[in-house]
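Let's take a look at the charged pairs in this one. Have the structure open while you read.

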Amino acid sequence: MKRVLSIFAVVAALFMVSCGGSTPSDAAVELYQMVIDGEYDAVAENMYYESTDAEEIEQSKAMIASLLKEKAAPRFEEKGGVKNVEAVSETIAEDGKSAVVELKITFGDGSEETEKADMKLDGGKWKLAMNK
């Protein structure tokens with residue numbers, strides 16, 4: 001149950017996701033765009049999972065994709081869609097293996113939100129860290 005809540009917390013925090021971009025900022029913006037485009041399975045594939053258990057990872061991916069589908073589209077729709085996503089800051093840890101990216105999301109209704117994404121370098125690709 002803790003894992004479910006943990007995953008939901010990540011998703012509920014406006015789906016701060018990332019892809020294997022060359023910088024943490026590139027990755028965060030790319031995967032946020034995937035969420036906007038409804039590519040939920042691709043988003044789940046590009047997240048960092050601490051677990052090494054293949055079955056647990058697959059279950060997590062399925063849950064994330066499902067939660068994104070259920071929550072993201074209605075949220076974006078009620079705000080008139082997403083007009084723009086941009087990285088406004090990026091702080092990379094001294095060891096170069098983690099980072100925090102601040103994103104500014106501009107919605108179709110003119111409203112804006114700022115989100116922070118905790119990123120992790122995994123196999124040379126930046127991904128959203130699944131915090132517990």
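This is a predicted model: local features need pLDDT of at least 70, side-chain atom pairs count only at pLDDT 80 or more; totals for chains, interfaces and linings use all residues.

E112 sits in the partly exposed class, its relative accessible area being 49%.

The partner of E112 is K104: the two form a salt bridge, and their closest N and O atoms are 3.8 Å apart. K104 is partly exposed too, with a relative accessible area of 24%.

## K127 and D122

Next pair: K127 and D122 make a salt bridge, with 3.5 Å between the closest N and O atoms. Is K127 buried or exposed? K127 counts as buried, because its relative accessibility is 12% and the cut-off for buried is under 20%. D122, at a relative accessible area of 31%, is partly exposed.

E58 and K61 both belong to helix α4 (residues 54–78), where they are 3 residues apart, or about one turn of the helix. They form a salt bridge whose closest N and O atoms are 3.4 Å apart.

On accessibility, E58 is partly exposed at 46%, while K61 has a relative accessible area of 14% and is therefore buried. E45 comes into the picture as well: E45, E58 and K61 are linked in a network of salt bridges.

## The overall count

How many salt bridges does a search of the whole structure find? The search turns up 8, among them E112 with K104, K127 with D122 and E58 with K61.

Key:
Residues are numbered from 1 along each chain as its sequence is written. Side-chain values use heavy atoms; hydrogens and water are left out. A salt bridge is a side-chain nitrogen of Lys or Arg within 4 Å of a carboxyl oxygen of Asp or Glu. Helices (H or I, at least four residues) and strands (E, at least two) are DSSP runs, numbered from the N terminus. Buried means under 20% relative accessible area, exposed over 50%, partly exposed in between (1.4 Å probe, protein chains only).
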